[in-house]
Structures are given as C-alpha cells and as structure tokens.
Amino acid sequence: MSDKQQPKNAFVREQIKDKPKNYKRMWVRLGESAACGGVFALAVCLVLLFMIPVLRQEEGSVPDTGAQDSQQASVEETEQGSEEKEETQTPEERQPMTLDDYQQIQTELYAIGNTANKSIVTITGVVSDTDWFNNSYEREGQGCGTIIGERGGKLWILTEKKTIKDAAKIKVTFVNDAVAEAKLVRYDGNTGLAALTVDLEDLETSTQNAITVMKTAGLNTIHKGSIVIALGSPLGTNYSILTGTITATNNEISTPDNNYSVYTTDIVASENGSGVLINMDGELVGVVMQSYSAASANTLTAVEISELMPVIDLLFADKEVPYFGVHISTVTQHIAQKYDIPKGIYIKKVEMDSPAMDAGLQSGDVIRSVAGQEVASAEQFREVLLQLTPKETYSVTVMREGTKGYKKITCKLKAGVLQ
C-alpha cells in the first residue's frame, strides 16, 4: 500500500499484549494468606480456651478437668446412696405417698396425742338442787381440764368456768380413772378460765406416776399450715384425739380490756367443745374456746396460750384479775396520720355498768396513760392493767375530741373484777 492509501492514524503502530504471569509472586501472596489464616485460627482457639471455663462457671457448672476427674465424680455420686438421690429428684420423679405412708403419719400423730392425754383430766361439777316437790337432788356437769403445773404439793389444773358453774363439789378423774376432789382457786369472768388445785397427798403413787404436767410451747411456734392435735373434749367426748392444720393465725377477738390472737383450724368440733391444742412436740399452744370462734362454730378455735399466761398466773396466785370494761384498739402512726387521731389506745366501746363507764370514759376517747404509766399499744395497756389492784382508784389520762380538736382529760377510775 502506498503512503497515500494509509489511514490517518496509521502512525499508531503499537500492539497491546497480555501481561506475563509472575508465578513466584503469586505463591508468595498465597503463602502470606495461609499464614494469616493460621494465626487467626490460633487466636480463636486461645480465646475459646480461656472463655469456656468462665462461661461454665457462670452457668453453675464445673470446668472439665479430664477423664480421670469425671470418673472420680461418678464414683462419688454413686456412693451417696438413695437418700441423696431422692432429694435431687424432681416432683415428677418422686414416688407418691401410699395409703400405708398416710396411715403411718396418722399413727405417729395419735401416739403423740396418747402421750399428752396423761395431762388431760375429766372435771365433774356436782350441783345441789331441788325439784318441783322441794326434794333435794344432785346433778353433774362434765368437762375437761389440763394439768399445767405442779407446785407447793399441789397440781394446777386449768379448765373453763362453765364446767364448774354453781358446783358445790368438784371432782377430778385422771387418766387411770382415779378420782380426787379439787378446789376452785379463782376464775376470770372475762376469758371464762378457772384455776383448780388437787393435793398430791390425796393421790396414790400409781396415779402420780400415770399423770404428767403438760409443757407450754414458746412464742411463734405456730404458723399457717402447722399440724396440730386437739385434746380434751372438742366433740363432747373426753380424751378425744383430733388432728388437723392451722388455717389462720392473724384473727383477733376483742374482749373487755384485752385483744387475743386466735388460731382457727380445719378440725371439726362441737359448739360446746373444750380442750387444748398441742403441737407435734406435745407442747401446749392454745386453749380451745369455741365462744371466741371468729369463723364457723363447726371448726375448732383456740386462743394462743402465751397471751393467756399472765391471766392464768394471776388465777393460780389466788389474785383477782383487774377489770376496766373497755374494748380497745391501738392507734398506730399510720392511723394517726390518716385519720388525724392522737396516738394511744382508742376506745371502741365501753361496757355497761363497768368501772370505765362510772369513771366517765367514752367511745372515741384515746387513752394515753394509766396509773401514771404511758401506754402506746393494746399490749402495753394489758400489761399495765394486770399490775393494778382491784378496788383501788387510779388516774386515767385520755384525749377527747371536742369542737376545737382533742383536749386532755384525766379521769379517776376504780378498778373492778368481772364476775
């Protein structure tokens, strides 16, 4: 081709060629990548090696220390026996109670009751009366009693006043059917409790060996769900043994001058039933008082023994129980702020013809002090009251609401005795 026939860009005569492959550099880079991957894998292994024990500890597991430790742990678990295995079983894996198991529990509870029955006695009140034709005769009323002490050559027996009401003679029958004459020491018209004594010298040695003094339980030994045993005559028949559970402990009954904690149970009882409640250690925890029933009269109700003991001690000391005749409630800090009432003892009700009414106390008054001692709760009021002497006159300071708010008033009150 001549120069005239060549294209205008014929001066560009370069030809593009593929870049030659450098196999040496490629193998070097591949080696570097492999080395980086190995370093990364090693780092991951090291992190896992240190983190796995930490994670196991957080989950409550023990780090794996090798096959030898695992074998040793397996041997130790086997040697712990079936008892520990039962403790670690889930509720689904545990064996259900059989009728034989239930019968065994009942047998043990009744054994506790039979032992405690050595402290139970039958009280017979003999009442002399005359019929329509003016002929004299005797009638007897029966109830149960509990031997709660022995002092000064005498047995202390606690019962209810209704059992010996108007009785000219009181007889006590012990668990071995021995009979002895008892003497009424005192009774409390408020709670209805009566204190009797029997001279030990009137009892034969066999009778003294057959009976026991019932122990009293300490404070806070009973709670909701506790198993208890009722003794005495909760259904009208003496030396009965009934078992059940406490259904409530927060009930309270208000009597003149006192508030008592009441145990309610699921034990079926008579409306006129009497007796005591004991715990699984055979200790006295409550006195059956169906008249104080806060729920149905068909279930057994008992008053906590620890709250009755101050009154019982006065009775067996042959001392009269002081009586004011007010139904009270504690004014707490919360109540005082909410209802704008002074702190103290709020009088809910005043009994008719009571010493409190004669002194001029009224419903709505707030007692601040008795006999010069400040009282801030119903418990303190009860403690102070039981220290007083009936027929003596004491000053009682109350806060009474008027048109311009509460004002302080001091009354003179002559302590009495409730018959």
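The exercises below concern pockets, cavities, salt bridges and a surface patch in a predicted model.

**Exercise 1. Describe the largest pocket by volume, lining and residue class.**

Step 1. The largest pocket holds about 210 Å³ of space.

Step 2. Its lining consists of 14 residues, and those nearest the centre are Gln-142, Gly-143, Cys-144, Ser-233 and Ser-274.

Step 3. Strand S2 (residues 136–151) gives the largest share of this lining, 3 residues.

Step 4. Sorted by class, the lining of the largest pocket has 11 polar, 2 charged and 1 nonpolar residues.

**Exercise 2. Find the cavities of 30 Å³ or more and characterise the largest cavity.**

Step 1. Searching the whole structure gives 3 cavities of 30 Å³ or more.

Step 2. The largest cavity has a volume of about 100 Å³.

Step 3. Of the 16 residues that line the largest cavity, Asp-188, Asn-190, Val-321, Pro-322 and Tyr-323 lie nearest its centre.

Step 4. The classes in the lining of the largest cavity are 10 nonpolar, 4 polar and 2 charged.

**Exercise 3. State which elements supply the lining of the second largest cavity.**

Step 1. The volume of the second largest cavity is about 80 Å³.

Step 2. Its lining residues include Cys-144, Thr-159, Glu-160 and Ser-274.

Step 3. At least two lining residues of the second largest cavity come from each of S2, strand S3 (154–160) and strand S10 (274–278).

Step 4. This lining divides into 5 nonpolar, 5 polar and 1 charged.

Step 5. Glu-160, one of the lining residues, also forms a salt bridge with Lys-162, with 4.0 Å between the closest N and O atoms.

Step 6. Glu-160 has a relative accessible area of 11%, and buried means under 20%, so Glu-160 is buried.

**Exercise 4. Locate the nonpolar surface patch made by Leu-42, Leu-46 and Leu-49.**

Step 1. The patch covers about 310 Å².

Step 2. Leu-46 is found in helix H1 (residues 23–58).

Step 3. With a relative accessible area of 43%, Leu-46 is partly exposed.

Technical notes. Residues are numbered from 1 along each chain as its sequence is written. This is a predicted model: local features need pLDDT of at least 70, side-chain atom pairs count only at pLDDT 80 or more; totals for chains, interfaces and linings use all residues. Side-chain values use heavy atoms; hydrogens and water are left out. Patches are made of residues with over 30% relative accessible area and no salt bridge: like charges are joined within 9 Å, nonpolar side chains (Val, Leu, Ile, Met, Phe, Trp, Tyr) within 5 Å. Accessible areas come from the Shrake-Rupley method with a 1.4 Å probe; for residues, only the protein chains shown count as cover. A salt bridge is a side-chain nitrogen of Lys or Arg within 4 Å of a carboxyl oxygen of Asp or Glu. Helices (H or I, at least four residues) and strands (E, at least two) are DSSP runs, numbered from the N terminus. Buried means under 20% relative accessible area, exposed over 50%, partly exposed in between (1.4 Å probe, protein chains only). On a 1 Å grid over the protein atoms alone, a cavity is a set of points where a 1.4 Å probe fits but cannot get out, and a pocket is an open set with protein on both sides within 12 Å along at least five of seven lines; lining residues have an atom within 4 Å of a point. Grid points are joined across faces, edges and corners, and a volume is the space filled by probe spheres set on the points. Ala, Val, Leu, Ile, Met, Phe, Trp, Tyr, Cys and Pro count as nonpolar, Asp, Glu, Lys and Arg as charged, and the others, Gly among them, as polar.
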